[in-house]
Amino acid sequence: MSSQPPAKRLRSDSAARPLQKGQQTKAAIVDAALGLATQIGLEGLSIGALAEVMQMSKSGVFAHFGSREELQISVVREYHARFEDEVFYPAMAFARGLPRLRAMFDNWMKRTSVEIDSGCIYISGAVQFEDRPGPVRDALAGSVNTWLSAMRRAIEMAVAEGHLHPGTDAAQMAFEIHALILALHYEARFLGSPDSLQRALTAFDGIVGRFSTAATPVPETTPPARSRKTTRVATQG
């Protein structure tokens, strides 16, 4: 995940070009597979189940991927691309430093509030493939590490801008922020705690406050997710 705008433009330009019929069919299959995977997990995906959903023959689906493993990897890549489009790239419009870091977290919260109902492939995939080395696990781990690296870079920028203390451990701060997401999924999805979203937001403010420096005022921002008074998470229970 890069902070360079051209990468985003390349993806957008590519998406804007008309797809060949075969590419359109493959994209539709991946989209359907992603929908299934959010509900039953990557491990539950099969060529047969997807063929039934798509009303295609098994051989027709197989021809686009060659194996169940390739199908799973394609789903991971598509999930990551959508994650970038919804969470990472919109945050680049915010000023460097803490405003951008907050925007990244708020975008992440907004996406997470939707995934409480549908499920997160990064989390379910980690459970299913944690002890199963191979290309699918590598694709999952690579995507998550790419996102966490982007978070660490945003934290380092906040340090450089004087918004966070010079001695801030970027890896530690990113670890704690990531832990909030995992706790939110567990509390909201498994335990059904109605106040889990607000607790995650409060915890984020606590982390930022612990690492912040009062020497330099942080530019005022109104992050997208925090301006919303209700979310699907908050209304559960």
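This is a predicted model: local features need pLDDT of at least 70, side-chain atom pairs count only at pLDDT 80 or more; totals for chains, interfaces and linings use all residues.
**Exercise 1.** In which helix of the protein is confidence lowest, and in which is confidence highest?

*Solution.* Turning to the helices, confidence is lowest in helix α1 (residues 5–16), where the mean is 45, and highest in helix α8 (residues 135–160), where the mean is 96. Next, look at residues 2–12, where the pLDDT is below 50 and the model has 10 contacts beyond near neighbours in sequence. Finally, consider residues 222–237, over which pLDDT stays under 50 and for which the model has 33 contacts beyond four places in sequence.

**Exercise 2.** Find which residues of helix α3 are buried, and explain why they lie on the same side of α3.

*Solution.* First list the buried residues of helix α3 (residues 47–54), which are Ile47, Leu50 and Ala51. These residues lie on the same side of α3 because they cover an arc of only 105° around the axis. Just after α3, glutamine 55 takes a positive phi of about 55°.

**Exercise 3.** Describe the chain over the residues that UniProt lists for "DNA-binding region".

*Solution.* Begin with the record, an unreviewed UniProt entry, which lists residues 46–65 under that name. In the model, the chain over residues 46–65 is 80% helix and 0% strand, and the end C-alpha atoms of this stretch are 12 Å apart.

How values were computed. Residues are numbered from 1 along each chain as its sequence is written. Side-chain values use heavy atoms; hydrogens and water are left out. UniProt positions are given in the numbering used here, feature names are shortened, and annotations may be inferred rather than shown by experiment. Helices (H or I, at least four residues) and strands (E, at least two) are DSSP runs, numbered from the N terminus. pLDDT is the predictor's confidence in each residue, from 0 to 100. Contact means heavy atoms within 4.5 Å. Buried means under 20% relative accessible area, exposed over 50%, partly exposed in between (1.4 Å probe, protein chains only). The arc is that of the directions from the helix axis to the C-beta atoms.
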